[in-house]
Amino acid sequence: MMLWKRIRYLLNREALDRDLQEEMRIHREMAEEKLNQLGTPKEEAHYAAMRAFGNATFAQEASRAEWAFFFESLVQDIGFGVRMLRKSPGFATVAILTLALGIGANTAIFSVINGVLLSPLPYKSPEQLVVIKENDSLPNVMDIQRQVRAFSQGGGINVDRMDYTGGSEPVQVRVGQINAGFLETLGAQPTLGRIISPQEDAQGGPRVAMVSNHFWQNYLGSDPHTVGNTIHLGGNSYTVIGVMPASFAPPVEHADVFVSLWVGDPGAAVQRDVHFMHTYWRLKTGVTLAQAQAELAAIDRRLAEQYPAEEKERTRQLVSLHEWLVGDVRPALLVLFGAVGLVLLIACANFASLLMVRASAGRQELVIRAALGAGRGRLIRKALTESVLLSVLGGGAGLLFAQWGTSMLLALKPEQLARLSGIHMDTRVLLFVLVVSVLTGILFGMAPGWIAARADVAEALKEGGRSATASTMGHRIREILVISELAVALVLLVGAGLLIKGFSRLRSMNPGFNSANVVTMYLQLPPMRYGEIPKQTQFRRELLARLNSLPGVQAAMVSDIPLGGNYVGHRFVVDGRAPVAVGSEPLVQTLSVMGDYFDVMEIPLRAGREFTRLDREAQPLVAIVNEETVRQFFQHEDPIGVRIRWAGDTGLPRWMTVIGVVADVKQSGLNQPTDPAVYTPFSQSGERWRRFMTLTIRARDASPALVEEVKTQIWSLDGQIPVGDVRAMDELIAVSLAQQRFNMLLLGLFAALALILAAVGIYGAMAYAANQRTYEIGIRTALGAQRSDVLRLVMRDGARIAVFGIGSGIAGALALTHLMASLLFEVKPTDPTTFAGVAILLAFVVLAACYVPARRAMRVDPMIALRYE
Amino acid sequence: MGLIRSTEPDFLPGTLEMLILQTLKRGANHGYGIAQHIQQISNDALKIGEGSLYPALQRLLMNDYVVGEWGFSENNRRARFYKITAAGRKQLAQERRNFDALLAGIARVMETP
């Protein structure tokens, strides 16, 4: 292609020039030689050849012109465009800013999407990695490893906290208890040493550990000879055999140390019903997810048959790792991307009407150019050059906006995005900006250019600049642009309104407790010294006694705090009811408490009584249930006095009597439904492994000093117990709201941006239209029209725009808002109040935008108006 | 920079390109060789200034009618050799037909008293 060749020529300009010069020099030399042969003296031959050749520079210029022609006219156009823009800096600034806002917002969101949705995961061949959504136990994982042929590798991890005593104060470190296959599946290679071998991953295996880069740097002093050294974890010594690279982290788990589950928790390793491992698998090449899922379903059936008590009613769902990691944030990001796309559309509509106004102002010039013989193509090209120039400048400015916007996004980002830190400008983002800018310039510069170019020269010259009736076409197009802007802004405002409404619903959601002034901290008793329940109880009772003696402090403890997302689930049996098939008993959350937990958290008692000091070991076992438990399982009877027990219990049945009902508490998140829950006293627990607890401390003054005081009390009881996760309960509420807040803030911001841009666009269009009609209004006034008539004339246009814009906007919103249904909390995507509110708001904006130009039109002096034309 | 479009006035536009293509039909040649050949064959009637030769060659290159390649001449001198392409041959035939028609037209006009 000619154009392509020319571009290549342009790029190789220097080499081509050199070739040409060389060629001409040789030509002269050949001529000289020939003359020499014919007997002309040397010097004379030289000059003769030079003469014969003529003006060498001219010849070169002429040759160069052959390939430079096209580009020189382009450069001319750009130079002309720049000069024109510099002559009207106001227009240029408004156009560039408008586009910069639209493109900047798009770029910021696109860079998040690029980092989160498009970038590959940091593992070997990540497209082959899949996850079983349900947690599993080690015996099951090993069965699946052995039996499923669709997987080439696989393994699981459970993160547990262990005390690390080796530093200045005892700390809890997160220990990834893994089985052989886990690290291999993710393709993790240690930077020092080696990974845990399959032989070591076995019952009674050696105490060996791998550490993360973070742990190595912070606790082992980045010692290059650390392999072979010993570290103390949870009261045991482990030999360090490897250090992982800084770039490696398990997909969602945070772990500082990796040990074999067989070694770290041998008790849990053999239990088929302790479903606590996250499992990751690698599909064999050529195997599809569906094939693997089918094979897994067969395993589900086999396991259920073999182990009904543990495995009945359990199914395993396979999903790709990428989907599992980003599936939750994808809808929000796509909705936001759609929203910024709409903002860009509004910005483009403003841009196009600006260009059109400008084109009609420069109409005389164009007409003269056309009359003098400028081709239509050349005129369109000139208009396009100008608009592309503007849009590229707008894109550049937008990039700056985006840089700032992205850092703001990162500051606001919810926890779900936290791990995916690869959010930054890269070539893909820059390419995106370039494509968007150039396309914007071409698409939205085309229409005005075309309208300008199709000007009928004769007609236009006849008109002689009087445009009282002219350009009805331009007028119609501008009106359509304004109507579409209004419609798009309405869609965005409705979306934002729905999110805001959902967010306020969520915020006003009762979590079931009073979070104000409550501090929490997590403790875990080391198994060596606190293996038995009486020991644990003694520590807990003594600690609470000490804390409650502090002035202004009320302390209690619970196994898993609300909104923390964790709980231990048990199946239970109700005394006196027909027996239920093994493995099908109802499931509840089980929470152990000590102290006046319900008072501290201000969880209201609904019936019966709370636990007292007398509900302790060697006394009748008691339990308190929440309202959801009553709703689901005791609809037709009074739960108080009913006896229940855990379904898995072996040995003597441990019947617990229900003594009270408390209000529901949000355990897993404000937007999650409440599950049935059963509270029991820590001191009556039969489960030795419940060595963990979270202190909940209500204090008049929850200051850092209090936290230090509490730590001192803990360490005065036992200096080897680390304190982790010191958090205010309010913080947990904020975290629970973070994703919704993020969505709402961003969409709200975009909607506000859209509203401002649309208002500016409407105002501009109305002001221009009114200005164009100055002549007409002058005549009308001269003929006796009242001011109110003029006002009505202008406002009528505004009203028409409002009706069409709002009408089509509502239709568009009805069609689109269902896409965001998954982001809304207890709000229907068609919520009529939101729709009505937004429609009224926009109607006001349109009328306000029309009123100013209308006022100006009212004051038109007919004498001046008529003379002016 | 102004645009310089130059063919020497003694040539009808396009004729020079036709002559070059015709010359190259005999075999690849360099700029000087082409100019020499045309001058010799025309008994010095057609002297080609380099000011028109090289622009014409660039035009032919741009249109893919010829390709240029650096090589060595008979007396071992480095030179750019031009070779006619298939598209060039087609173009030559076309131009030749146009030129014949033109000549015939001119002749008829001139012969009419």
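This is a predicted model: local features need pLDDT of at least 70, side-chain atom pairs count only at pLDDT 80 or more; totals for chains, interfaces and linings use all residues.
**View 1. Chain A at a glance.**
Let's start with the big picture for chain A, which has 29 helices and 21 strands. Out of its 869 residues, 40% count as buried. Now think about contacts between residues at least 6 apart in sequence: in chain A, 84% of them join residues at least 24 apart.

**View 2. Helices H5 and H25 of chain A, packed side by side.**
Here you're looking at helix H5 (residues 89-118) and helix H25 (residues 729-772) of chain A, whose axes are 12 Å apart. How do the two run relative to each other? Their packing angle is about 160°, and angles over 145 degrees count as roughly antiparallel, so that is the label for H5(A) and H25(A). The crossing of H5(A) past H25(A) is left-handed. On the H5(A) side, look for A:Thr98, A:Leu101 and A:Ala105; they meet A:Phe750, A:Leu753 and A:Leu757 of H25(A). Sort the residues of this contact by class and you get five nonpolar, one polar and no charged ones.

**View 3. The loop residue A:Lys124 and a partner from elsewhere in the chain.**
Where does A:Lys124 sit? You'll find A:Lys124 in the loop that links H5 to strand S1 (129-136) of chain A. Is A:Lys124 buried, exposed or partly exposed? It has 14 C-beta neighbours inside 10 Å, so it counts as partly exposed. Now find A:Gly187: in sequence, A:Gly187 and A:Lys124 are 63 residues apart, yet their C-alpha atoms are 5.4 Å apart in space.

**View 4. Strand S8 of chain A and two of its partners.**
One of its partners is strand S3 (residues 171-178) of chain A, which pairs with S8(A) in the parallel sense over four bridges. If the two senses are new to you, strands of a sheet pair through backbone hydrogen bonds, and they can do so either parallel or antiparallel.

**View 5. Strand S14 of chain A, mostly covered.**
How many of the eight residues in strand S14 (residues 587-594) of chain A are buried? The count is seven, so this strand is mostly covered. Several strands pair with S14(A). Strand S12 (residues 553-558) of chain A runs antiparallel to S14(A), joined by two bridges, and A:Val558 has A:Val593 as its bridge partner. Strand S13 (residues 568-574) of chain A is antiparallel to S14(A) too, over four bridges; look for A:Gly569 opposite A:Gln589. With strand S19 (residues 677-681) of chain A, the pairing is parallel and has five bridges. A:Val593 shows up again here, standing opposite A:Pro681 in S19(A).

Over to chain B, with four helices and three strands. Starting from the N terminus, its elements follow the pattern α-β-α-α-β-β-α. Buried residues make up 28% of its 113 residues. The three strands form an open sheet in the order S1-S3-S2, with antiparallel pairing. Strands S1 (29-30) and S2 (66-72) of chain B are at the edges with a single partner strand each, so one side of each has no neighbour in the sheet. S1(B) pairs with strand S3 (residues 78-84) of chain B over two bridges, and B:Asn29 has B:Tyr82 in S3(B) as its bridge partner. Helix H1 (residues 15-25) of chain B packs on the sheet and touches S1, S2 and S3, with its direction at about 95° to that of S3(B).

**View 6. Helices H1 and H3 of chain B, crossing each other.**
H1(B) also packs against helix H3 (residues 50-62) of chain B, at an angle of about 75° and with the axes 10 Å apart. That makes H1(B) and H3(B) roughly perpendicular to each other. H1(B) brings B:Leu16, B:Glu17 and B:Ile20 to the contact, while H3(B) brings B:Ser52, B:Ala56, B:Leu57, B:Arg59 and B:Leu60. By class, these residues divide into five nonpolar, one polar and two charged.

Technical notes. Residues are numbered from 1 along each chain as its sequence is written. Chains are lettered from A and ligands numbered from 1 in the order in which they are written. Axes are lines fitted to C-alpha atoms, for helices over the stretch in contact, and angles run from 0 to 180 degrees between N-to-C directions. Angles under 35 degrees count as roughly parallel, over 145 as roughly antiparallel, 65 to 115 as roughly perpendicular and the rest as oblique. A crossing is left-handed if the near helix is turned anticlockwise from the far one by less than a right angle, and right-handed if clockwise. Two residues are in contact if their C-beta atoms, placed from the backbone, lie within 7 Å. Ala, Val, Leu, Ile, Met, Phe, Trp, Tyr, Cys and Pro count as nonpolar, Asp, Glu, Lys and Arg as charged, and the others, Gly among them, as polar. A residue is buried if 20 or more other C-beta atoms lie within 10 Å of its own, exposed if 12 or fewer, and partly exposed in between; C-beta atoms are placed from the backbone. Two strands pair if DSSP finds at least two bridges between them.
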